[in-house]
Amino acid sequence: MAAPGEKQAAKSLQDEEEAVTQVYATLGVALVVVVIGVPLWWKTTEVYRASLPYADIGELKGTQVIYKVGVEFVLPVQTQPQDLLDWREQVDQHLDTGTVYSPISPHYDIKVRTTNKEERTVINQQGSMEDLEASLTQLKPPGVGSCTLYLLWTTVYLEASLTQLKPPDVGSCTLYLLWTTVYLEASLTQLKPPDVGSCTLYLLPKDSSLEAQAYIGRHRTAFVKSSGDVSRDVRISAHLVRSYFVNDERLKIAFTSATGAQHDKENIAKEQMRAFKTNMGYEVTFSLLNPDPSVLDVQWDVEAGTASYLNPFLDRLADVAEFKVFSQVLYYVDLTVRPARDERTASYCLTPDQLPHTINPVEAKLGSHVSTYPSVHFLVYVPERGHSPLYIHNEDGMESETNAFFSPRWGGMKIVNVASPPKNASLPHTVTLDLLPVMETFLSHLRLLLGMAQLPPDPWIVVEPADNTAITDWEYDHLLRVRTVENLATATATLASLSQLLGEIGNIVINDDIAWQVYLAVDAIRKAQLLLATGELTAAFQASKEAILSSEKAFFDPSLLELLYFPEDQKFAIYIPLFLPMSVPVLMSLFQAFRWYKKRQQQEGKTNQEKEKEGIKEAQKEETEEDDDSEAEEKKSPKGKKQSRKER
């Protein structure tokens with residue numbers, strides 16, 4: 001029969017083995033959770049984020065945009081080589097952009113030469129400036145983005161002939177400087193076409209019949225009258241290139257505004273504030289407002305009017321944007337403002353303060369089509385009989401010449417007064433509108449809405465008005481430049497915002513489609529910048545359109561918007577019910593194992609201490625015994641001496 005001490009020792013040993021088993025089981029579960037469970041959960045719940053060219057996007061923000069404009073100055077054939085060099089030096093000074101850094105800067109590729117025989121033959125032709133321009137234009141149409149400046153006697157006629165003979169390239173112009181009539185006799189039929197992005201300028205002789213100092217035609221041609229002072233002639237020619245054909249200051253403002261940079265309101269051009277932002281297309285809606293159809297039956301052939309007056313303009317801009325034209329007639333739509341009575345003219349008038357209040361009530365009734373394009377509204381209002389005739393007064397109290405007003409980034413409204421029906425006429429009285437003045441007014445409004453520069457009048461510079469297309473060739477080139485730089489700036493800013501957003505919010509999914517659009521946008525931006533630097537304006541504009549389309553597709557992708565505002569507390573609400581019940585037992589078991597381990601360490605420490613104490617006691621006991629033995633030997637040693645003495 002076992003003793004009680006042995007039973008207790010066996011039970012302690014069994015408890016110790018069970019505790020060790022529990023500890024190993026806890027460590028095994030924890031090891032499985034950490035080594036297998038956590039990685040598996042992490043892998044199955046991780047957010048897929050395709051790689052993006054963050055470094056390339058950062059480089060695009062700091063890249064300077066340079067656009068090339070080739071300028072060719074054609075001087076008289078008798079010009080000495082030294083004079084050509086002087087012209088080149090002075091032109092370089094006037095067209096120099098300076099050393100101050102700018103995010104966008106022009107590069108003028110300047111050439112100076114003399115006229116050839118063919119140019120002198122064409123210039124010598126008789127006729128008005130308008131005939132000369134037409135002849136030159138028919139010889140060889142100028143290229144897109146180019147301009148030609150002829151400095152001769154009769155401006156219109158010469159520009160047209162030279163333009164047809166030698167079309168300047170995209171974003172370019174050519175300057176011809178001719179001082180006497182003999183150089184007008186040259187033929188321009190064999191002119192060599194200038195490089196892409198170039199322009200040509202011609203100088204009129206001092207005794208020219210041209211009253212103005214300069215003339216700018218409908219195409220890419222200009223004429224400057226010589227004053228006899230080379231410095232003055234160069235200064236005027238450079239002014240035509242920079243302020244009219246290129247307008248580099250407006251391009252700089254358009255670029256920096258599109259990037260989101262802050263500007264003073266005084267430094268922002270009016271064109272930027274009243275024009276629509278660059279877009280791939282626009283919806284143009286013409287609305288006829290008839291407040292009293294029981295009295296007047298207003299008819300308008302808007303389809304024929306748009307075909308005759310608007311379509312040539314829209315066809316010319318087909319490569320710039322897509323236009324969709326709609327028309328509608330709204331009845332019983334009246335102005336909410338009350339016109340004032342003008343007793344002097346027996347008419348009614350609207351003051352400038354009342355004009356904004358006429359749009360808001362009408363806008364709610366115009367309706368809109370389902371489209372991503374911005375809407376452009378043009379309203380034709382026929383006053384009711386009680387407020388007819390109705391005129392718009394300006395700030396000076398004078399009647400408006402067009403009897404219309406313009407609303408920035410919205411459209412315009414024109415009031416058309418019709419004759420009142422005769423007393424005995426049957427009602428409603430049918431009236432047909434003349435759409436020529438209506439379309440002329442709305443075309444001017446549409447030009448402003450699209451951002452075409454409205455140049456200030458200059459008595460010394462004659463600008464030939466556009467033909468039925470309502471836009472000249474050099475205006476079209478300038479519009480392409482503005483849209484190109486705006487597209488580049490907008491696409492770059494969009495990609496920069498997207499990269500910053502994706503870097504700050506790590507739980508947004510970046511799928512392969514988004515990454516592909518980002519890469520396409522980056523490549524298109526670089527391509528457009530390269531084409532601008534080489535003067536290929538049309539190709540650069542198409543590349544910029546691809547850039548802004550790809551950047552906006554990536555930024556507004558629905559998969560990004562779904563998790564854009566996903567709060568962090570929702571993550572805890574999802575994962576806590578899942579992990580808390582599972583993690584508490586595991587953590588408690590680990591805590592118990594830790595306590596067991598600490599307790600065991602303490603016990604082992606106590607055992608070691610006891611062993612050390614026992615060892616010390618045994619050592620002390622041994623030392624004590626050794627001391628006793630030595631003392632005993634010392635006591636025995638004197639007796640031995642005495643015995644030895646007795647033996648002696």
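Analyst: Of the 648 residues of the chain, 45% count as buried. The model is a predicted one.

User: What makes a residue such as N247 count as buried or exposed?

Analyst: The cut-off for buried is under 20% relative accessible area. N247 has 14% relative accessibility, so N247 counts as buried.

User: What is the class of R409, and where is R409 placed?

Analyst: R409 has 36% relative accessibility, which lies between 20% and 50%, so R409 is partly exposed. R409 is in the loop between β15 (404-407) and β16.

User: What makes the phi of N247 and of R409 worth a remark?

Analyst: Most residues other than glycine have a negative phi. N247 is not a glycine, yet its phi is positive, about 55°. R409 is not a glycine either, and its phi is also positive, about 55°. N247 lies in the loop between α7 (230-246) and α8 (248-258).

User: How do you know that the bond joining S388 and P389 is cis?

Analyst: Its omega is about 0°. P389 is in the loop between β13 (375-381) and β14 (390-392). A cis peptide bond also joins L427 and P428, again with omega of about 0°. P428 lies in the loop between β16 (411-415) and β17 (429-432). Most peptide bonds are trans.

User: How many helices and strands are there in the chain?

Analyst: The chain has 17 helices and 18 strands.

User: How do you describe the packing of α13 and α14?

Analyst: Two packed helices are described by the angle between their axes and the distance between the axes. For α13 (residues 473-504) and α14 (residues 512-534), the axes come within 10 Å and cross at roughly 145°. The crossing is left-handed.

User: Which residues of α13 and α14 meet?

Analyst: From α13, they include T484, V485 and L488. From α14, they include V518, A521 and V522. The contact divides into eleven nonpolar, three polar and no charged residues.

User: What makes the contact of α2 with α14 partly charged?

Analyst: Helix α2 (residues 54-62) and α14 pack at about 35°, with their axes 11 Å apart. The crossing of α2 and α14 is left-handed. D56, I57, E59 and L60 of α2 meet V518, V522, I525, R526 and Q529 of α14. Asp, Glu and Arg count as charged, so D56, E59 and R526 belong to that class. By class, the contact has five nonpolar, one polar and three charged residues.

User: What is the accessible surface of the chain?

Analyst: The accessible surface comes to about 34,900 Å². Carbon and sulfur atoms account for 54% of that surface.

Notes: Residues numbered from 1 in each chain as written. Predicted model: local features only at pLDDT ≥ 70, side-chain atom pairs only at ≥ 80, totals over all residues. Heavy atoms only, no water. Axes fitted to C-alpha atoms, helices over the stretch in contact; angles between N-to-C directions. Helix = DSSP H or I, 4+ residues; strand = E, 2+ residues; numbered from the N terminus. Left-handed = near helix turned anticlockwise from the far one by under 90°. Contact = heavy atoms within 4.5 Å. Buried < 20%, exposed > 50% of the residue type's maximum accessible area, 1.4 Å probe, protein only. Areas by Shrake-Rupley, 256 points an atom, 1.4 Å probe, with all protein chains shown as cover.
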